[in-house]
Amino acid sequence: MLHDPNRVYVFDTTLRDGEQVPGCQLTTPEKIEIAHELEALGVDIIEAGFPISSPGDFQSVVEISKAVKNPIVCALTRANKGDIDAAVESLRYAKHPRIHTGIGSSDMHIKNKFNSTREEILVRAVEAVKYAKKSVEDIEFYAEDAGRADVRYLAQMIEAVIAAGATVVNIPDTNGYCLPDQYGEKIKFLKENVKNIDKAIISVHCHNDLGLATANSIAGLQNGARQIEGTINGIGERAGNTAIEEVVMILRTHHALGLHTNINAKNFYELSRMVSSQMRMPVQPNKAIVGSNAFAHSSGIHQDGFLKNRENYEIIRPEDVGFPNASIVLTARSGRHALKFHLERLGINLNKDELSDAYHRFLTLADNKLDINDDDLLLLMTADNSYVQAMQKR
Ligand code: KIV
Ligand code: ZN
């Protein structure tokens, strides 16, 4: 399956891990709309849901399977026959179906969640993969809580599930526990010690409990993983999942990594806003890549440098991710260059003295009003000073 060794496959779980967030539940038509946009974005795999969990989720997987053509459609299961049967049934219209089955791999999960032993869990993992493989060729296995699992046991489990037919092996840092070098080492260990690892793609699935999801995903890719799982805007359980837009833009910005995806990054901004509004989950303004301030320059020093050459303060061009525009925000910290830039944009050209006079009035205004828009600038330029005085009195 893997032809280009530097190609990274993008597995989107906005509609499964993302949708698990309380208050973010979507209707089937809303999910279909997002699935179409994910297809346009160029994701390789859409995790459409967890079919056994509810009739609604089951139906969403059915409808998404009918709706999209190119991406693999994936359904989540636990390692049992009932879950797998439901997933197989829900994927019956998928052009490229995938079952995502798995079980806990850390001693914490084995003892405290399954009240079981390493040996028994290994048997259940292999049985689940073999059972799913009877119906669907493409089987992804997840070793839940792999971030905290003993790496030798993890390697044994991964080798056994690949031998049973798994085509992709997902190594989730379910609790967002690992440091990037620890997670990277784990992937490296699997790559070097699992005998049949060349028969499967290693996938990274990182949660953001310590704010390290993106860093850990990149560490995984640097150590041999070739599939990355994440969501749009990084939404997901607790502190969220890896934000797909971040990983994709890191790979684009750091060419030296030598890795690439098939993603149309220009679609990021619009899709981010669609996911945010449908899931009623605002995007934090300082969110990397898609936050409203991601390309806004507000301090005088930065604005001056940006106006001289945008690359002074811009490592990604906003248009490359579909962002409407870089913006020079006018605040009380802005300098003369920023004011001049905006006035000229409005067709107002001032000489040095006029600009100096306007700048002083602008500062008084900006100390009294948080956001300065075009209307404010036009009023600021009226002959008398009444607008600035009125704002001061408020
Ligand atoms: O975080 C996790 O371990 C998961 C698995 C179900 C893949 O979401
Ligand atoms: Zn997860």
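Predicted model: local features only at pLDDT ≥ 70, side-chain atom pairs only at ≥ 80, totals over all residues.
Local features need pLDDT of at least 70 and side-chain atom pairs count only at pLDDT 80 or more, while totals for chains, interfaces and linings use all residues. Residues are numbered from 1 along each chain as its sequence is written, chains are lettered from A and ligands numbered from 1 in the order in which they are written, and side-chain values use heavy atoms, with hydrogens and water left out.

The zinc ion (ligand 2) is held by Asp-17 (OD), His-205 (NE2) and His-207 (NE2), at 2.1 Å. Donors here are N, O and S atoms within 2.8 Å of the metal (3.2 Å for Na, K and Ca); water is not among the atoms, so sites may look incomplete. Along the chain, the donors of the zinc ion (ligand 2) follow the spacing D-x187-H-x1-H. Asp-17 sits in the loop between strand E1 (9–12) and helix H1 (28–41), and His-207 in the loop between strand E7 (201–206) and helix H8 (213–222), so the pair ties together parts that are 190 residues apart in sequence. Helices (H or I, at least four residues) and strands (E, at least two) are DSSP runs, numbered from the N terminus. Both Asp-17 and His-207 are buried. Buried means under 20% relative accessible area, exposed over 50%, and partly exposed in between (1.4 Å probe, protein chains only).

Around ligand 1 are residues with a heavy atom within 4 Å of it, among them Asp-17, His-100, Tyr-142, Glu-144, His-205 and His-207. An N or O atom in the side chain of Asp-17 is 3.1 Å from an oxygen atom of ligand 1. For His-205, a polar side-chain atom lies 3.1 Å from an oxygen atom of ligand 1. For His-207, the corresponding distance is 3.0 Å. The protein covers 92% of the 260 Å² of accessible area that ligand 1 has on its own. Areas come from the Shrake-Rupley method with a 1.4 Å probe; for residues, only the protein chains shown count as cover.

Glu-144 counts as buried, at 19% relative accessibility. Beyond its neighbours within four places in sequence, its contacts (heavy atoms within 4.5 Å) include Ser-106, His-109, Lys-113 and Pro-172.

The structure holds 29 salt bridges. Each is a side-chain nitrogen of Lys or Arg within 4 Å of a carboxyl oxygen of Asp or Glu. Arg-98 and Glu-140 form one, at 2.8 Å from N to O. Arg-98 lies in strand E4 (residues 97–104) and Glu-140 in strand E5 (residues 138–144), so the pair ties together parts 42 residues apart in sequence. Both Arg-98 and Glu-140 are buried. Asp-304 and Lys-308 pair at 2.9 Å, N to O. Both lie in helix H11 (residues 300–308), 4 residues apart, about one turn of the helix. Lys-308 is exposed, with a relative accessible area of 62%. Salt bridges that share partners join Arg-16, Asp-17 and Glu-47 into one network.

His-260 is found in the loop between H9 and H10. His-260 is partly exposed, at 35% relative accessible area. Not counting residues up to four places away in sequence, His-260 touches Asp-4, Asn-6, Arg-7 and Val-8.

Conventions
Polar contact = N/O pair within 3.5 Å; in protein donor to acceptor, adjacent residues only side chain to side chain.
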